[in-house]
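Thanks for coming, everyone. I have one structure to show and a few places in it to walk through.

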Amino acid sequence: MTKITIFRNHDGEYLGFDCLGHAGYADEGEDIVCAGISALVINTINSIGLFTDEPCETDANEDDGEIRLRFTSPAGHDAGLLMQSLVLGLQGIQNTYGNDYIILNFREV
């Protein structure tokens, strides 16, 4: 199962996310749920880096299926919009395939 935690402050501004684990929907190389999650997460990180000036830090460990992103200050408008898009896509996967493969949590920090 892939567990994703979205971090926001008390004003609802995005601070980053953690993505951990493999979905386990199918065998490696055939897991469409894991591929969809990975595509959304990696595209979001790349888009934030390319289309915004938001300073952020990322870390990844492919073996564990771990990807982390942290903004150094709350996300501005453009990065916040990209994070909203990520959440929308992840919720779509969760609604389609269920909580056996993806858990999406929101945490105020």
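Before anything else, a word on contact: two residues are in contact when they have heavy atoms within 4.5 Å. With that in hand, look at Cys 56. Leaving aside neighbours within four places in sequence, Cys 56 is in contact with Ile 48, Leu 69, Arg 70, Phe 71 and Thr 72. Keep in mind that this is a predicted model.

Where does Cys 56 sit? The residue is in strand S3. Its relative accessibility is 29%, so Cys 56 counts as partly exposed. For scale, take Gln 94. Cys 56 and Gln 94 are 38 residues apart in sequence, and their C-alpha atoms are 26 Å apart in space.

Now the overall picture. The protein chain has 2 helices and 5 strands. From the N terminus, the order is β-β-α-β-β-α-β. The radius of gyration is 13 Å, close to the 13 Å that the globule rule gives for 109 residues, so the chain is as compact as a globular protein of that length. Along the principal axes, the C-alpha atoms fill a box of roughly 40 × 25 × 20 Å. Buried residues make up 38% of the 109. The accessible surface comes to about 6400 Å², and 47% of that belongs to carbon and sulfur atoms. On contacts: of those with a separation of 6 or more, 58% are between residues 24 or more positions apart.

Next, the inside. In soluble globular proteins, nonpolar side chains tend to be buried together. Here, the largest nonpolar core has 24 residues. Which of them touch the most other members? Those are Ile 4, Ile 6, Phe 17, Ile 37, Val 41, Phe 71 and Met 83. And which elements give two or more residues to this core? Strand S1 (2-8), S2, H1, strand S4 (66-71), H2 and S5 do.

Stay with Phe 17 for a moment. Not counting residues up to four places away in sequence, Phe 17 touches Thr 5, Ile 6 and Phe 7, among others. Its list also includes Val 41 and Ile 45. Then come Ile 67, Arg 68, Leu 69 and Arg 70. Met 83 and Leu 86 complete the set.

On to the aromatics. How many aromatic pairs are there? The count comes to 2. In one of them, the rings of Tyr 25 and Tyr 97 have their centres 5.2 Å apart. Their planes are at 75°, so the pair is edge-to-face; the cut-off for that label is over 60 degrees. This pair links distant parts of the chain. Tyr 25 is in the loop between strand S2 (14-20) and helix H1 (32-51), while Tyr 97 is in helix H2 (residues 77-97), 72 residues apart.

Tyr 25 also pairs with Tyr 101. Those ring centres are 5.1 Å apart with planes at 80°, so this pair is edge-to-face too. Tyr 101 lies in the loop between H2 and strand S5 (102-108), so the pair ties together parts that are 76 residues apart in sequence.

Last stop: the end of H1. Phe 51 is in helix H1. Its relative accessible area is 58%, so Phe 51 is exposed. Phe 51 and Leu 82 are 31 residues apart in sequence and 9.6 Å apart in space, C-alpha to C-alpha.

Thr 52 is in the loop between H1 and strand S3 (56-61). At 10% relative accessibility, Thr 52 counts as buried. What does its side chain reach? A polar atom of the Thr 52 side chain lies 2.6 Å from the backbone oxygen of Ile 48. The side chain of Thr 52 also reaches the backbone nitrogen of Glu 54, at 3.2 Å. Beyond its neighbours within four places, Thr 52 is in contact with Ser 47, Asp 78, Ala 79 and Leu 82.

That's the tour. Over to you for questions.

Technical notes:
Residues numbered from 1 in each chain as written. Predicted model: local features only at pLDDT ≥ 70, side-chain atom pairs only at ≥ 80, totals over all residues. Heavy atoms only, no water. Phe/Tyr/Trp six-rings, centres within 6.5 Å; stacked < 30°, edge-to-face > 60°. Helix = DSSP H or I, 4+ residues; strand = E, 2+ residues; numbered from the N terminus. Core = buried A, V, L, I, M, F, W, Y, C linked by side-chain atoms within 4.5 Å. Buried < 20%, exposed > 50% of the residue type's maximum accessible area, 1.4 Å probe, protein only. Rg over C-alpha atoms; globule rule 2.2 N^0.38 Å. Areas by Shrake-Rupley, 256 points an atom, 1.4 Å probe, with all protein chains shown as cover. Polar contact = N/O pair within 3.5 Å; in protein donor to acceptor, adjacent residues only side chain to side chain.
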